[in-house]
Amino acid sequence: MEPFVYTASPGRVIFAPGAIARAGEEIERLGGSHALILSTPFQKADAEALTNRLGGLSAGVFTEAAMHTPVEVTARAMAAYDAAGADCVVALGGGSTIGLGKAIAWRNDAPQLVIATTYAGSEVTDILGQTENGVKSTVRDPKIRPETVIYDAELTTGLPVPMSVSSALNAMAHAVEALYATDANPITSMMAVAGLRALRDALPQIVEAPKDIEARSDALYGSWLCGVVLGSCAMALHHKLCHTLGGTFDLPHAETHAILLPHTAAYNAEAAAGQLAPAAALFGGDLGGGLWDFAKSVGAPMALMDLGVSETDMAHAADLAVKNPYANPREITRDGILELLNRAHAGARPT
Ligand code: NAD
């Protein structure tokens with residue numbers, strides 16, 4: 001056994017189909033009596049249904065959550081929170097809505113209950129990414145990590161299959177990077193492998209039968225594990241590259257992760273062969289190629305060009321990607337990154 005440091009992340013998790021029915025008791029457990037319910041415009045009806053279910057425990061809904069947590073939306077949500085006399089927040093949705101709840105909590109320390117409905121994993125991290133004047137910045141603070149998370153697979157049966165696929169690959173990327181993280185430890189690695197396995201097994205079933213509650217439960221379980229390791233381990237090439245591409249070309253979050261994962265895994269496969277071995281074993285022994293085959297088989301987006309970025313943009317992205325050095329198993333070189341990006345742009349199988 002190698003020496004290691006392990007820090008457990010606080011947080012309460014309620015995992016059960018139908019667990020949204022327990023939202024009221026969880027709000028009270030947090031000491032709340034007036035919760036502001038958050039959602040995106042798309043999930044407004046769900047937020048309103050939750051408000052009706054909560055009765056007097058709800059202080060109302062705020063349904064303007066948006067991708068990348070724009071600070072002007074947070075300002076409006078803070079005003080709604082104060083005007084409603086709220087004393088906690090309930091974020092019902094994926095990373096965008098959870099980001100808004102975190103942004104509020106970072107500013108006023110509101111207790112947070114999250115009801116997570118995608119596989120992005122934000123609900124169990126202390127990371128907040130927000131945008132101001134188009135510039136994205138990231139903060140970490142213990143106040144940001146939600147106190148309680150409800151995972152109710154019934155709420156995910158309506159997550160469209162393409163979104164389910166991209167979101168699951170986004171989660172798998174957390175696990176792959178956690179395995180070779182400089183601060184990896186036996187517990188996070190165990191969670192990462194279990195998370196990858198659960199998602200690998202569940203995703204083809206979800207594609208076949210999107211309302212299969214067992215497959216949806218397994219995927220949600222996998223996404224929780226992958227989220228925990230995202231919040232515990234330092235991410236490297238994959239997340240930095242997605243951040244650069246997403247920020248520079250305004251690309252959709254989960255799809256960018258889904259396209260890049262096989263390529264970033266292949267880039268690091270040899271340098272981190274030992275740490276990645278259990279993950280490679282789940283995908284036929286060759287992690288990059290195996291992940292690419294898996295992604296293709298479940299209908300994932302495969303090529304950056306399909307997201308509207310041009311081939312010439314790849315050189316600019318490679319320049320940006322090598323600007324700020326960070327720890328990664330294999331040395332980050334401009335030529336290596338450009339080759340990776342060109343393959344991801346074309347949707348070619350990694351070699
Ligand atoms: P999202 O939250 O933007 O959701 C995408 C769309 O799907 C939204 O319209 C949403 O309302 C809808 N949706 C969500 N769940 C649904 C369901 N079950 N059924 C039907 N529709 C549903 O997508 P996401 O990928 O979860 O989150 C992306 C955002 O989260 C990005 O801004 C990203 O930066 C952030 N993120 C942050 C962290 C972190 O730790 N800070 C981690 C992962 C992602």
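This is a predicted model: local features need pLDDT of at least 70, side-chain atom pairs count only at pLDDT 80 or more; totals for chains, interfaces and linings use all residues.
Let's start at the ligand.

Take Thr40. One of its polar side-chain atoms sits 2.5 Å from an oxygen atom of the ligand. Gly95 uses its backbone instead: an N or O atom there lies 2.8 Å from a ligand oxygen. Then Lys136. An N or O atom in the Lys136 side chain is 3.0 Å from an oxygen atom of the ligand. How much of the ligand does the protein bury? Alone, the ligand exposes 860 Å², and the protein buries 87% of that.

Next, the nonpolar core. The largest one has 58 residues. Tyr119, Leu169, Met172, Val176, Leu196 and Leu287 touch the most other members. Several elements give two or more residues to this core, among them strands S5 (112-116) and S8 (148-151), and helices H5 (161-179) and H6 (186-208). H5 supplies the largest share, 10 residues.

Where does this core lie relative to the domains? Domain 1 (12-156) and domain 2 (161-346) both give residues to it, so the core lies between them.

There is also a second, separate core. That one has 20 residues, including Leu245, Leu260, Tyr267 and Ala317.

Last, a closer look at Leu169. Leaving out residues up to four places away in sequence, Leu169 touches Ala258, Leu261, Phe294, Ala295 and Ala300. Remember, Leu169 is one of the residues that touch the most other members of the largest core.

How values were computed. Residues are numbered from 1 along each chain as its sequence is written. Side-chain values use heavy atoms; hydrogens and water are left out. A nonpolar core is a set of buried Ala, Val, Leu, Ile, Met, Phe, Trp, Tyr and Cys residues joined through side-chain atoms within 4.5 Å. Buried means under 20% relative accessible area, exposed over 50%, partly exposed in between (1.4 Å probe, protein chains only). Helices (H or I, at least four residues) and strands (E, at least two) are DSSP runs, numbered from the N terminus. Domain bounds come from an automatic or database domain assignment. Contact means heavy atoms within 4.5 Å. A polar contact is a pair of N or O atoms within 3.5 Å; within protein, one must be able to donate a hydrogen and the other to accept it, and residues adjacent in sequence count only if both atoms are side-chain atoms. Accessible areas come from the Shrake-Rupley method with a 1.4 Å probe; for residues, only the protein chains shown count as cover.
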